[in-house]
Amino acid sequence: MADYHFVYKDVEGASTQWDDIQRKLGNLPAKPPAFKPAPFTPAEDEASLPKDKSWIDEKTEQDLEDLEDNPDLDDDRFLEDYRKKRLAELREATKVARFGSVVPISGSDFVREVSQAPADVWVVAVLYKEGIAECGVLMQCLEDLATKYPATKFVKIISTDCIPNYPDRNVPTVLVYNNGAVKANYVGLQSFGRRCTPEGVALVLCQSDPVLNDGQSGNDRSRKAVIDGVRKRFIEKVVTEHENDDDGSSSD
């Protein structure tokens, strides 16, 4: 006859009276704690979260347009008004910061790109010739300014394409246009000082008019505001260069 052995296993974590006695005597290790699953916390529904200005600020222009018929905003006049304000700001920033580089044009483009530019856009046109060192120096400065002031339009054109037989001794020449009229002209690199720098060129361009526009100054486009902004950038550059010089000296 076969010898059968039965092993009974209780529910996991359960203990018999015999096991409890053996644990008291130290013959068995302490009973492990019963397993307890972590409490279930449902994920927050984004639609149910309270909405404030920061919620609007995180949205892109497309997101804000999609929210136009959102029923949650219909009951909150403040958020709806703020959505419209924020959307207008994003659209204005996109419209204003539309340039950002010195664009080459031809003689046939000049009227359309310069003379017929929108009335709210200042245009800086440089007449140059390849191979003339002074033109290269000024062009580097203008490229820098075009990046920093993307709401001002910068263009470059070969001098003789713009004005036939224009003397090479007069290049580079900078023409400043606004609302279809020439507001200023600067002939030769010497017009921008003995040491031509982006900051020096910026100050000269803004001597009489708020030519440079970074697209971040809102409606304050007065000459003083622009000059103050240019000077602030100049001071920041000097401080940065000074700090870099100090770091270099300390490492030697």
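The buried residues of helix 9 (198–205) are P198, E199, V201, A202, V204 and L205, where buried means under 20% relative accessible area, exposed means over 50%, and partly exposed covers the range in between, as computed with a 1.4 Å probe on protein chains only. Because 6 of the 8 residues of helix 9 are buried, this helix is largely enclosed by the rest of the structure. The model is a predicted one, in which local features need pLDDT of at least 70 and side-chain atom pairs count only at pLDDT 80 or more, while totals for chains, interfaces and linings use all residues. Residues are numbered from 1 along each chain as its sequence is written, and side-chain values use heavy atoms, with hydrogens and water left out.

The chain contains 10 helices and 5 strands; these elements are DSSP runs numbered from the N terminus, with helices (H or I) of at least four residues and strands (E) of at least two. Of its 252 residues, 31% count as buried. The chain exposes about 17,100 Å², of which carbon and sulfur atoms supply 52%; accessible areas come from the Shrake-Rupley method with a 1.4 Å probe, and for residues only the protein chains shown count as cover. Among contacts (heavy atoms within 4.5 Å) between residues at least 6 apart in sequence, 63% join residues at least 24 apart.

L145 is found in helix 7 and is buried, with a relative accessible area of 3%. When residues up to four places away in sequence are not counted, L145 touches F154, P198, V201, A202 and L205. The C-alpha atoms of L145 and P198 lie 6.4 Å apart in space, although these residues are 53 apart in sequence. T147, also found in helix 7, counts as exposed because its relative accessibility is 54%. T147 and G100 are 47 residues apart in sequence, with 4.6 Å from C-alpha to C-alpha.

The structure holds 1 cavity of 30 Å³ or more. On a 1 Å grid over the protein atoms alone, a cavity is a set of points where a 1.4 Å probe fits but cannot get out, and lining residues have an atom within 4 Å of a point. Grid points are joined across faces, edges and corners, and a volume is the space filled by probe spheres set on the points. The largest cavity has about 60 Å³ of space, and its lining consists of L145, K148, Y149, P198, E199, A202, V230 and R233. The largest share, 3 residues, comes from helix 9. By class, the lining of the largest cavity has 5 nonpolar, no polar and 3 charged residues; Ala, Val, Leu, Ile, Met, Phe, Trp, Tyr, Cys and Pro count as nonpolar, Asp, Glu, Lys and Arg as charged, and the others, Gly among them, as polar.

Aromatic pairs were assigned where the ring centres of Phe, Tyr or Trp (its six-membered ring) lie within 6.5 Å; planes under 30 degrees apart count as stacked, over 60 as edge-to-face and the rest as tilted. By this rule the count comes to 2 aromatic pairs. F110 and Y177 form an edge-to-face pair, with 5.8 Å from centre to centre and 80 degrees between the planes. This pair links distant parts of the chain, since F110 lies in helix 6 (residues 110–115) and Y177 in strand 4 (residues 173–178), 67 residues apart. F110 is buried, with a relative accessible area of 11%, and Y177 also counts as buried, at 11% relative accessibility. Y186 and F192 form a tilted pair, with 5.6 Å from centre to centre and 50 degrees between the planes; both Y186 and F192 are buried.

Most residues other than glycine have a negative phi, and most peptide bonds are trans. A cis peptide bond joins V171 and P172, with omega of about 0 degrees. P172 is placed in the loop between helix 8 (159–162) and strand 4, and N165 lies in the loop between helix 8 and strand 4. The phi of N165 is positive, near 65 degrees, and N165 is exposed, with a relative accessible area of 73%. N179, in the loop between strand 4 and strand 5 (181–187), has a positive phi of about 55 degrees although it is not a glycine. N179 is exposed, with a relative accessible area of 56%.

Technical notes: On a 1 Å grid over the protein atoms alone, a cavity is a set of points where a 1.4 Å probe fits but cannot get out, and a pocket is an open set with protein on both sides within 12 Å along at least five of seven lines; lining residues have an atom within 4 Å of a point.
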